[in-house]
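Look at the structure below and follow the text through it step by step. The walk begins at the surface, then turns to the overall fold and to the aromatic rings.

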Amino acid sequence: MAFVLLVLILVGVWLFCLFDVLGTDETDVRHLPKFGWFLVVLLGFLLGAAAWLSLGRPRRTPEEALWPPPGASGGPKGPDDDPAFLRDLDRRLRDDE
């Protein structure tokens, strides 16, 4: 059972790297063209995946690694953060009494 789990994890890492190569912009790839990295990961399996993660993947600056990204809106707000919702809720509660 542990062997099957290990194989599934390794295949998952390999697939992640394969799709990561495909999803990365051509201008961001380091050391090889995108198609070259695709072949390295496809044919090299775990060694190719390790090479992609350490050598080919685009480097992120600390600002890019932040979540949420700078300049992004605060994201969706809950209803308790919406003043119009709170006013409507207060009005409906007072009508029920």
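A surface patch is made of residues with over 30% relative accessible area and no salt bridge, and nonpolar side chains are joined into one patch within 5 Å. The model shown here is predicted. In this model, a nonpolar surface patch of about 880 Å² is made by Phe3, Val4, Val7, Leu8, Val11, Leu15, Phe19, Leu22, Phe45 and Leu46. The elements that contribute two or more residues to this patch are α1 and α2. Helix α1 gives the largest share, with eight residues.

Leu8 lies in helix α1. Is Leu8 buried or exposed? Its relative accessibility is 56%, and exposed means over 50%, so Leu8 counts as exposed.

Now step back to the whole chain. The secondary structure of the protein chain consists of four helices and zero strands. Along the sequence this gives the pattern α-α-α-α. The protein chain has 97 residues, and 19% of them count as buried. Its accessible surface comes to about 7700 Å², and carbon and sulfur atoms account for 67% of that area.

Among the contacts in the protein chain with a separation of 6 or more, 48% are between residues 24 or more positions apart.

The aromatic rings come next. How many aromatic pairs does a search of the whole structure find? The search finds two. In one of them, the ring centres of Trp14 and Phe45 are 5.3 Å apart and the ring planes stand at 45 degrees, so this pair is tilted. Trp14 counts as buried because its relative accessibility is 16%, and buried means under 20%. Phe45, at 32% relative accessibility, counts as partly exposed. Phe45 is also one of the residues that make the nonpolar patch.

The pair of Trp37 and Trp52 has another geometry to work through. Their ring centres are 5.7 Å apart and their planes are at 65 degrees. Planes over 60 degrees apart count as edge-to-face, so the pair of Trp37 and Trp52 is edge-to-face. Both Trp37 and Trp52 are buried.

Definitions and conventions:
Residues numbered from 1 in each chain as written. Predicted model: local features only at pLDDT ≥ 70, side-chain atom pairs only at ≥ 80, totals over all residues. Heavy atoms only, no water. Buried < 20%, exposed > 50% of the residue type's maximum accessible area, 1.4 Å probe, protein only. Contact = heavy atoms within 4.5 Å. Areas by Shrake-Rupley, 256 points an atom, 1.4 Å probe, with all protein chains shown as cover. Phe/Tyr/Trp six-rings, centres within 6.5 Å; stacked < 30°, edge-to-face > 60°. Patch = residues over 30% accessible without salt bridge, like charges linked within 9 Å, V, L, I, M, F, W, Y side chains within 5 Å. Salt bridge = Lys/Arg side-chain N within 4 Å of Asp/Glu carboxyl O.
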